[in-house]
Amino acid sequence: MATRREELVTVASRLFAERGYHGTSMADLAEAMGLQKGSLYSLTESKQELLVVITREGAATFHAALDGVADGEPLERIRLALRAHLGVVAAQVSAATVFTREWRFLDEPERTAFRAERRRYEERWRELLQDAAERGALRSDLDVEAAVLLVLSAANWAYTWIRPGADTDALADRFFAILVEGIRGYAPSRPA
């Protein structure tokens, strides 16, 4: 059973995702929790503290999901990493929304720390793709930076269109097939 503090973090995630960080007041949070505004301060120091918790937990969740990808064949590791990433987004749509969109409202030094965590996550993806290229599973002239940007941009913005209950493994597998096989494919020749 969630503590009142954990419940507040969940409510803050939902409201920040729906209304934005600046569009959500402490009074809104108190009302959603069924508390007086003054009572809310027994659970948190500030709205900023809630944003810090949401973004830290989001970063930790994405890293933990990637940690769960076992060593093995490079393309399989990429496929499983994509499944893990989309699984996090789908399981925590509100938190993923805040993580992707509202982080820019973090105060310093938290904003810098968040950027460092994001870069560390991106670097882990670079290593996955670079390893696949070096082992001959992907083209040797792959622009790894552009590939990481493409993969994570598509996966991060899933919060805007993913449906509740979506089969994220199947979706990740379709994304993977498009990314690895390309979108041109082997279309039959058209008659002249």
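**Figure 1. Arg 56 and Glu 110 form a salt bridge.** In this predicted model, the closest N and O atoms of the two residues are 2.5 Å apart. Arg 56 lies in helix α4 and Glu 110 in helix α7, so the pair ties together parts that are 54 residues apart in sequence.

**Figure 2. Arg 5 pairs with Glu 49 in a salt bridge.** Here the closest N and O atoms are 3.4 Å apart.

**Figure 3. Arg 135 meets Asp 131 through their side chains.** This salt bridge spans 3.3 Å from N to O. Arg 135 counts as exposed because its relative accessibility is 52%, and exposed means over 50%. Asp 131, at 22%, counts as partly exposed.

**Figure 4. Salt bridges link five residues into a network: Glu 76, Arg 79, Arg 83, Asp 169 and Asp 173.** How many salt bridges does the count come to? The count comes to 19.

**Figure 5. Phe 99 and Phe 114 form an edge-to-face aromatic pair.** Phe 99 belongs to helix α6 and Phe 114 to helix α7, so the pair ties together parts that are 15 residues apart in sequence. Buried means under 20% relative accessible area. Phe 99 has 12% relative accessibility, so Phe 99 counts as buried. Phe 114 has 5%, so Phe 114 counts as buried too. A search of the whole structure finds 8 aromatic pairs.

**Figure 6. Ring pairs build a cluster from Phe 62, Phe 99, Trp 103, Phe 114 and Tyr 121.** Trp 103 also has a charged neighbour: Arg 118 lies over the face of its ring, 4.5 Å from the ring centre. Another ring has such a partner. Lys 47 lies over the face of Tyr 21, at 4.4 Å from the ring centre.

**Figure 7. A cis peptide bond joins Glu 108 and Pro 109.** Its omega angle is about 5 degrees. Where does Pro 109 lie? Pro 109 is in the loop between α6 and α7.

**Figure 8. The largest pocket holds about 360 Å³ of space.** Its lining has 17 residues. Nearest the centre lie Arg 118, Glu 122, Leu 152, Ser 153 and Asn 156. Three helices, α6 (93–102), α7 (110–134) and α8 (144–156), each supply at least two lining residues. Which helix gives the most? The answer is α8, with 6 residues. By type, the lining divides into 9 nonpolar, 4 polar and 4 charged residues.

**Figure 9. The second largest pocket has a volume of about 280 Å³.** Among the residues that line this pocket are Ile 78, Leu 129, Arg 139, Val 151 and Phe 176. Helices α8 and α9 (168–181) are the elements that give two or more residues to its lining. What kinds of residue make up this lining? There are 10 nonpolar residues, no polar residues and 1 charged residue.

Definitions and conventions. Residues are numbered from 1 along each chain as its sequence is written. This is a predicted model: local features need pLDDT of at least 70, side-chain atom pairs count only at pLDDT 80 or more; totals for chains, interfaces and linings use all residues. Side-chain values use heavy atoms; hydrogens and water are left out. On a 1 Å grid over the protein atoms alone, a cavity is a set of points where a 1.4 Å probe fits but cannot get out, and a pocket is an open set with protein on both sides within 12 Å along at least five of seven lines; lining residues have an atom within 4 Å of a point. Grid points are joined across faces, edges and corners, and a volume is the space filled by probe spheres set on the points. Helices (H or I, at least four residues) and strands (E, at least two) are DSSP runs, numbered from the N terminus. Ala, Val, Leu, Ile, Met, Phe, Trp, Tyr, Cys and Pro count as nonpolar, Asp, Glu, Lys and Arg as charged, and the others, Gly among them, as polar. Rings of Phe, Tyr and Trp (its six-membered ring) pair if their centres lie within 6.5 Å; planes under 30 degrees apart count as stacked, over 60 as edge-to-face and the rest as tilted. Buried means under 20% relative accessible area, exposed over 50%, partly exposed in between (1.4 Å probe, protein chains only). A charge sits over a ring if NZ of Lys or CZ of Arg is within 6 Å of the ring centre and within 35 degrees of the ring normal. A salt bridge is a side-chain nitrogen of Lys or Arg within 4 Å of a carboxyl oxygen of Asp or Glu.
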